[in-house]
Amino acid sequence: EKFEVASGDGSLFLEVVVSPVPRAVPVDPAAQEPPVSGAVCALCWDVTASRRLQSKMEAIDRAGQELVRLDSEAIRKMHVTQRLKVLEQKIIRFAHDLLNFDHFAVRLLDQKSGKLELVMASGLPSEALELEFFASRDGSGISGYVAATGRSYLCPDVAKDRRYVLGLTNARSSLTVPLLLHDKVIGVFNVESEKPNAFTEEDRQFAEMFATHVALALHILDLLVME
């Protein structure tokens, strides 16, 4: 039998498998004492990490559903800037609460010019927001590379990465993932940190999941055509 147990504060999860133990010695009919019965063996595994991962993924999925759950009647009455503001507030809240991302920018790709247009940002200096990027493997920073290749880019130390371009003041590391819609790159989601090696492969996985929901929400708001 297999089951799961958790500590009272939810900080520890164990998976337990209990099996009966077969008797190695046959029962002696002349024995004065009754044989011991009901012996079992229990094996335990610490599954705390996998449970936390699963919980985080489920939380991101719920947040994604909330991103695209907008009052269509109210949205229709808004112009592009107002629509974007509604979505921006949600993205900033979820990025902070779920992913601990406080310094980030979302850029959408103009399919005609190849330019990455800034549509929202949080916690980045104005000089970083004024920079222009294009979808290109070289010469347009990490964001340009991600937009051109469609692959995520984890930069553990910006001082040692030739592709890194000015972003967060005193930035030490960054994480950039593509915004994909039906396997087509429509933009990038760039996150920065003042700490070196601030982002892990797990963060990359979470950011990619979140970016998928962001891309869909932007598509629903008809923001793919830049105005």
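Accessible areas here come from the Shrake-Rupley method with a 1.4 Å probe, and for residues only the protein chains shown count as cover. On that basis the protein chain exposes about 13300 Å², of which carbon and sulfur atoms supply 53%. This is a predicted model, in which local features need pLDDT of at least 70 and side-chain atom pairs count only at pLDDT 80 or more, while totals for chains, interfaces and linings use all residues. Residues are numbered from 1 along each chain as its sequence is written, and side-chain values use heavy atoms, with hydrogens and water left out.

**Overall make-up**

- The protein chain has six helices and nine strands, taken as DSSP runs numbered from the N terminus (helices: H or I, at least four residues; strands: E, at least two).
- Of the 227 residues in the protein chain, 37% are buried (under 20% relative accessible area; exposed is over 50%, partly exposed in between; 1.4 Å probe, protein chains only).
- Among contacts (heavy atoms within 4.5 Å) in the protein chain with a separation of 6 or more, 55% join residues 24 or more positions apart.

**Sheet**

- An open sheet is formed by six strands in the order β6-β5-β4-β9-β8-β7, with antiparallel pairing; two strands pair if DSSP finds at least two bridges between them.
- β6 (133–134) and β7 (153–155) are the edge strands, each with a single partner strand, so one side of each has no neighbour in the sheet.
- β5 and β6 run antiparallel and are joined by two bridges; F133 in β6 is the bridge partner of L116.

**Helices on the sheet**

- α5 lies across β5, β6, β7, β8 and β9, at about 30 degrees to β8.
- α6 lies across β4, β5, β7, β8 and β9, at about 40 degrees to β8.
- Axes are lines fitted to C-alpha atoms, for helices over the stretch in contact, and angles run from 0 to 180 degrees between N-to-C directions.

**Nonpolar cores**

- A nonpolar core is a set of buried Ala, Val, Leu, Ile, Met, Phe, Trp, Tyr and Cys residues joined through side-chain atoms within 4.5 Å.
- The largest core has 34 residues, and F101, L179, F189, F210 and L218 touch the most other members.
- α1 (48–67), α3 (80–99), β4 (104–109), β5 (115–122), β8 (173–181), β9 (184–193) and α6 (201–220) each supply at least two residues of this core, and α6 gives the largest share, eight residues.
- Another core, of 17 residues, lies apart from the largest one and includes A105, C155, L168 and V188.

**T149**

- T149 lies in helix α5 (residues 141–149) and counts as buried because its relative accessibility is 18%.
- A polar atom of the T149 side chain lies 3.2 Å from the backbone nitrogen of R151.

Technical notes. Polar contact = N/O pair within 3.5 Å; in protein donor to acceptor, adjacent residues only side chain to side chain.
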